Amino acid sequence: YTTFSVATQVRNKTEDGHNKSIFVNATAFGKGGEVIAQYFHKGSRIVVHGEVNDLTAWTGQQDNQAHAGLSIAVTGFDFVDTKAES
């Protein structure tokens, strides 16, 4: 198996006007996990399909802000190739 995080931007903006990102922790098993571990690297684009395993909430010790976490089991995925055109 392999574990990784996927970031996605949502339409809501933070109080300072920046785009808000959500990070999803994903676990892929079997052949799918092997393929992701071999070809997926930080900064790569991927579409992940999965089932929710866990949803957590906590208050940060340093920033005293509310945080949430989402964990999924990967049931499918597609690499998204975005090569720049010359």
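Modeller: Let's start with residue classes: Ala, Val, Leu, Ile, Met, Phe, Trp, Tyr, Cys and Pro count as nonpolar, Asp, Glu, Lys and Arg as charged, and the others, Gly among them, as polar. By that scheme, the lining of the largest pocket has seven nonpolar, eight polar and four charged residues.

Colleague: How reliable must a spot be to get discussed here?

Modeller: This is a predicted model, so local features need pLDDT of at least 70 and side-chain atom pairs pLDDT 80 or more, while totals for chains, interfaces and linings use all residues. Residues are numbered from 1 along each chain as its sequence is written, and side-chain values use heavy atoms, with hydrogens and water left out.

Colleague: What makes something a pocket, and what makes a residue part of its lining?

Modeller: On a 1 Å grid over the protein atoms alone, a pocket is an open set of points where a 1.4 Å probe fits, with protein on both sides within 12 Å along at least five of seven lines; lining residues have an atom within 4 Å of a point. The largest pocket has 19 such residues, and K20, S21, A66, H67 and A68 lie nearest its centre. Strand 2, strand 3 and strand 4 each give two or more residues to this lining, and strand 4 gives the most, with six.

Colleague: How much space lies in the largest pocket?

Modeller: About 550 Å³, where volume means the space filled by probe spheres set on the points, which are joined across faces, edges and corners.

Colleague: How do you know that strand 1 and strand 2 pair?

Modeller: Strands are DSSP runs of E, at least two residues long, numbered from the N terminus, and two of them pair if DSSP finds at least two bridges between them. Strand 1 and strand 2 (residues 19–28) are joined by 10 bridges and run antiparallel, so they pass that test. Q9, for instance, stands opposite S21 in strand 2.

Colleague: What is the strand order in the sheet, and which strands are at its edges?

Modeller: It's an open sheet of four strands in the order 1-2-4-3, with mixed pairing. Strand 1 (2–13) and strand 3 (46–59) are the edges, as each pairs on one side only.

Colleague: Why is the pair of Y1 and F29 called tilted?

Modeller: Rings of Phe, Tyr and Trp (its six-membered ring) pair if their centres lie within 6.5 Å; planes under 30 degrees apart are stacked, over 60 edge-to-face, the rest tilted. The structure holds four aromatic pairs. Y1 and F29 sit 5.9 Å centre to centre with 35° between the planes, so tilted it is. Y1 lies before strand 1 and F29 in the loop between strand 2 and helix 1, so the pair ties together parts 28 residues apart in sequence.
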